[in-house]
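Colleague: I would like to go through this model with you. I will ask what each label rests on, and you set the value against the definition.

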Amino acid sequence: MIDINKLIQGKNLTEIEVHVLKYIIKNIDTVLQKGVREIAKENYTSPSTVIRLSKKLGYTGFVDMYYQLVPELKNIENHQSVSDDFPEIRTADFFEYNNLEEIEQFIDKVLRLKQCYIFIYATGFSGIAAEYFYKKLLVLGKKAILASGSDSIGVFENNLDNTGALVVISRSGETKQVIDKLKSAKKHSIFTVSFTKETENQIASISDLNFKIIDNNKFDDRNMLPNIFFPRLLLMFEYIIKEYLKRLEKNSKK
């Protein structure tokens, strides 16, 4: 069932009107042939409810609502397709230094965790990207914890026993706080993943899995100059999620 929240937002629909709308959407291929009376009958309400619903949604009547909804619903369905919703970007930005096997490893070791938490850690500008990834995991139903340099060390240490993977972000690859977390995780046999610049760095070397993101201004420590390191990083997150959802979609069809 398509999420109808955007369709009904601010329309002050009654419970029965929402129920009828859901019915119409679910049976969009047959409701026009059924007509208002049959729709009302199958939902234990009156034809006036169906007409009132269409007018509350801003249409002139049921037929107008039908013809307006059909392309709108098709558009939503197309955007929900895992294989078609990813923008055309330069794959060289991903695969000049990374490969699909590493993405598969991330999916297996991180995204497929069931009971344990995915702990995400970053500081500064990287912390903003980490929060984005954290929220992305939450909407996917993953158990995740986010922490940054401003959080107490206890946030990390008190959750080590329940952590299945540590994901860190450090543009420089040399952030001491991040290095300390990685070393601690390694001592507890926690799988570690890092996202850093593409050149050699400490964090990359001690991580179980490292994704290298191209950094055009490697010496701009204050992040003052124009740089698409972080946009590339976010696109890398989205690409990984895309591959994960493609796998779920493929498995569901077996």
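Colleague: Why is N98 called buried?

Modeller: Its relative accessible area is 4%. Buried means under 20%, exposed means over 50%, and partly exposed lies in between, with a 1.4 Å probe and protein chains only. So N98 counts as buried at 4%. This is a predicted model, where local features need pLDDT of at least 70, side-chain atom pairs count only at pLDDT 80 or more, and totals for chains, interfaces and linings use all residues. Residues are numbered from 1 along each chain as its sequence is written, and side-chain values use heavy atoms, with hydrogens and water left out.

Colleague: Where does N98 lie, and which residues is N98 in contact with?

Modeller: N98 sits in the loop between helix 6 (92-95) and helix 7 (100-111). Helices are DSSP runs of H or I with at least four residues, strands are runs of E with at least two, and both are numbered from the N terminus. Setting aside neighbours within four places in sequence, N98 is in contact with N210, F211, K212 and M236. Contact means heavy atoms within 4.5 Å.

Colleague: What makes the pair N98 and K212 a polar contact?

Modeller: A polar atom of the N98 side chain lies 2.8 Å from the backbone nitrogen of K212. A polar contact is a pair of N or O atoms within 3.5 Å; within protein, one must be able to donate a hydrogen and the other to accept it, and residues adjacent in sequence count only if both atoms are side-chain atoms.

Colleague: How far apart are N98 and D64?

Modeller: They are 51 Å apart, C-alpha to C-alpha, and 34 residues apart in sequence.

Colleague: Which other separations have you computed?

Modeller: I153 and F119 are also 34 residues apart in sequence, with 13 Å between their C-alpha atoms. L73 and I4 are 69 residues apart along the chain, and their C-alpha atoms are separated by 9.9 Å.

Colleague: Are L73 and I153 buried, exposed or partly exposed?

Modeller: L73, in helix 5, is buried, because its relative accessible area is 4%. I153 lies in helix 9 (residues 153-157). Its relative accessible area is 45%, so I153 is partly exposed.

Colleague: How do you know that R171 is buried?

Modeller: Its relative accessible area is 9%, so R171 is buried. R171 lies in the loop between strand 3 (163-169) and helix 10 (176-187).

Colleague: What does R171 touch?

Modeller: Not counting residues up to four places away in sequence, R171 touches residues including S126, T196, D215, N217, F229 and F230. For N217, the backbone oxygen lies 2.4 Å from a polar atom of the R171 side chain.

Colleague: Why is L57 called buried?

Modeller: The relative accessible area of L57 is 11%, so it is buried. L57 is placed in the loop between helix 4 (47-56) and helix 5 (62-79). It touches L7, K11, L13, L21 and M65, leaving out residues up to four places away in sequence. The C-alpha atoms of L57 and N43 are separated by 19 Å, with the two residues 14 apart along the chain.

Colleague: What is the phi of N12?

Modeller: About 55°, a positive value, although N12 is not a glycine. Most residues other than glycine have a negative phi. S189 also has a positive phi, near 60°, and is a residue other than glycine.

Colleague: Where do N12 and S189 lie, and are they buried or exposed?

Modeller: N12 is in the loop between helix 1 (5-8) and helix 2 (15-26). At 67% relative accessibility, N12 counts as exposed. S189 is in the loop between helix 10 and strand 4 (191-197). Its relative accessible area is 69%, so S189 is exposed.

Colleague: How many helices and strands does the protein have, and why is it called more spread out than a compact globule?

Modeller: It has 12 helices and 5 strands. The radius of gyration is 24 Å, well over the 18 Å that the globule rule gives for 254 residues, so the protein is more spread out than a compact globule. That radius is taken over C-alpha atoms, and the rule is 2.2 Å times the number of residues to the power 0.38. Along the principal axes, the C-alpha atoms fill a box of roughly 70 × 40 × 40 Å.

Colleague: What share of the residues counts as buried?

Modeller: Of the 254 residues, 45%.
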